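Visitor: Please put the structure up, and then we can go through it by question and answer.

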Amino acid sequence: MSENRYGQFDRQRIQENRKKAAAQPRQAGYARAATKPPVEAPAEKPSARPLEKPGKDQVKKPVSKRPPVQNRKKKKRAKKRKKALRVLITLLVLAALAFLAYKFVPVYLEYRNEQTKPTPTPYNYTATNGEPSAFLTMISEPTQPPEGEGNSISIMDTDLSVTEGLDETWFNVLLLGTDSRVLHEPARTDTMIICSLNKVTGDVKLTSIMRDTNVFFEGHNGTRINNAFFYGGANLAMKVVNETFGMNIQNYVYVDFSGFAKIAEAIGGIDMQITENEMKHINHNVAEQYHLLISQGKMEYEAAEAEYYATKLNEFTTDGTPVHLNGMQTLGYARIRKLDSDYARTERQRKVLNALMTGLQDASLAKLTNLVVSNAQYYSTNLSISQILDLAQVVLGRTDFAQAQSMYLPVQGSYKEEVRNNDARLYDVDTEANKIALYNFIYNQQ
């Protein structure tokens, strides 16, 4: 009901409106209503709570959108482990790269320096001696070490298989000479000699052991006896000699190529009768020895070549007069083997030792002491200086000094010199026969 401005109902207007409505046709109103789309009833809203309580089987647990706390901790730990593993791998890679750089960068720099280093011009001796630089054409004979690791067998001093009950008047020491061509590398023994010294009479006996003698020792079911030093050093060499030949050796003296030449030079060299062929082999071996010194960095090429030609042998024995050999030539003479046989080489080695002892026959105690001390860097031994001097005085102080008696092992008829599996050795050695032969030789037993 409408009101006027004074708050009263406007009766007149209400009546007019009613008249207008009554005058309009009613059918038109129904037609308009029919054209309008039917109004759908609004959908019922779901109630917040079910009308009926569901049973225990019908209750569903709500699905949590976040994983449980335990799973989250596991994932965090896995991430930490992966991160730590990546860090560890990175550190290992960096360490490996640093190690490779430490090892190979100096080698590369040295190699580059050698490549850029100018090659010295060799002396031209053609006009003076008629040879087209023969020293330059000398090539060192390669040394093939036996299979395995050098000095890989450890032998204690108390485990030398010493034969008990031998005459203590005789002092047996093992002399070892190696054919090492690479500095500080374990090598096979080119020389193995049992040096027997009588501490009362001063007599000396030398027994050479053939280097191709087939022997057996720990880890090696048949190998050359000269491999013993390569695998186990002086201790294993003494042990094998004691076991094979019934000896009581507990002392050794070891020297390599360059050391022997230095010692022989310090003594003053030797006088030896040599043939023309021996002279040629001596010169070849001396050139090879100089090349070894060059490769080891002990001599410059120019100095080695000049020294070689300045001292090269040009004479040999024709009328019985011996030829003087300096230290390098003495070593070159002792190393000759391609000229004849290994038996002849062991004989030359014993001749060299006899000649060196002859050269020291008149030496005073002061000179002997100086030789032993000043050349200590060129040899290795488990003998003390006082022991060496005492033995030297007994041997060299004799008024009737004579050449040392000598022999070689194994003795004739006690082995088979054969080639088996492309390997030439002295096989099937009768050790008992050789023990008896050596015992009789040293201790004068018949």
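**Sheet, helices and salt bridges**

Visitor: Which residue takes a positive phi in the hairpin of S2 and S3?
Guide: This is a predicted model, in which local features need pLDDT of at least 70 and side-chain atom pairs count only at pLDDT 80 or more, while totals for chains, interfaces and linings use all residues. Residues are numbered from 1 along each chain as its sequence is written, and side-chain values use heavy atoms, with hydrogens and water left out. The hairpin has 5 residues between its strands, and the one with a phi near 85 degrees is Gly202.

Visitor: What is the strand order of the open sheet?
Guide: Strands here are DSSP runs of E with at least two residues, helices are runs of H or I with at least four, and both are numbered from the N terminus. Two strands pair if DSSP finds at least two bridges between them. S9 (380-381) and S10 (405-409) each pair on one side only and are the edge strands. With mixed pairing, the 6 strands have the order S9-S6-S1-S2-S3-S10.

Visitor: Over how many bridges do S1 and S2 pair?
Guide: In this pairing, Phe171 stands opposite Leu197 in S2. On S2 and S3, which pair in the antiparallel sense over 5 bridges, Ile193 stands opposite Ser208. For S1 and S2, also antiparallel, the number of bridges is 9.

Visitor: How many residues of S2 are buried?
Guide: Buried means under 20% relative accessible area, exposed over 50%, and partly exposed in between, with a 1.4 Å probe and protein chains only. S2 is mostly covered, and the count of buried residues is 10 of 10.

Visitor: At what angle does helix H14 run to S10?
Guide: Axes are lines fitted to C-alpha atoms, for helices over the stretch in contact (heavy atoms within 4.5 Å). Angles run from 0 to 180 degrees between N-to-C directions. Helix H14 (residues 431-443) lies across S1, S2, S3 and S10, and its angle to S10 is about 170 degrees.

Visitor: At what angle do the axes of H10 and H11 cross?
Guide: H10 covers residues 327-334 and H11 residues 342-359, and their axes come within 8 Å. The contact uses Thr330, Tyr333 and Ala334 of H10, with Arg345, Arg348, Gln349, Lys351 and Val352 of H11. The crossing angle is roughly 145 degrees.

Visitor: Which residue forms a salt bridge with Asp190?
Guide: A salt bridge is a side-chain nitrogen of Lys or Arg within 4 Å of a carboxyl oxygen of Asp or Glu. Asp190 lies in S2 and the partner in H11, so the pair ties together parts that are 155 residues apart in sequence. With the closest N and O atoms 2.8 Å apart, the partner is Arg345.

Visitor: Which residues are linked with Asp190 and Arg345 in a network of salt bridges?
Guide: The count for the model comes to 16 salt bridges. Besides Asp190 and Arg345, the network holds Arg211 and Asp342.

Visitor: Which residue meets Arg348 in a salt bridge?
Guide: Both side chains of this pair belong to buried residues. At 3.2 Å, N to O, the partner is Glu278.

Visitor: Is Asn226 buried or exposed?
Guide: Asn226 is in the loop between S5 (220-224) and H6 (228-245). Not counting residues up to four places away in sequence, Asn226 touches Arg188, Thr189, Met192 and Arg211. At 3% relative accessibility, Asn226 counts as buried.
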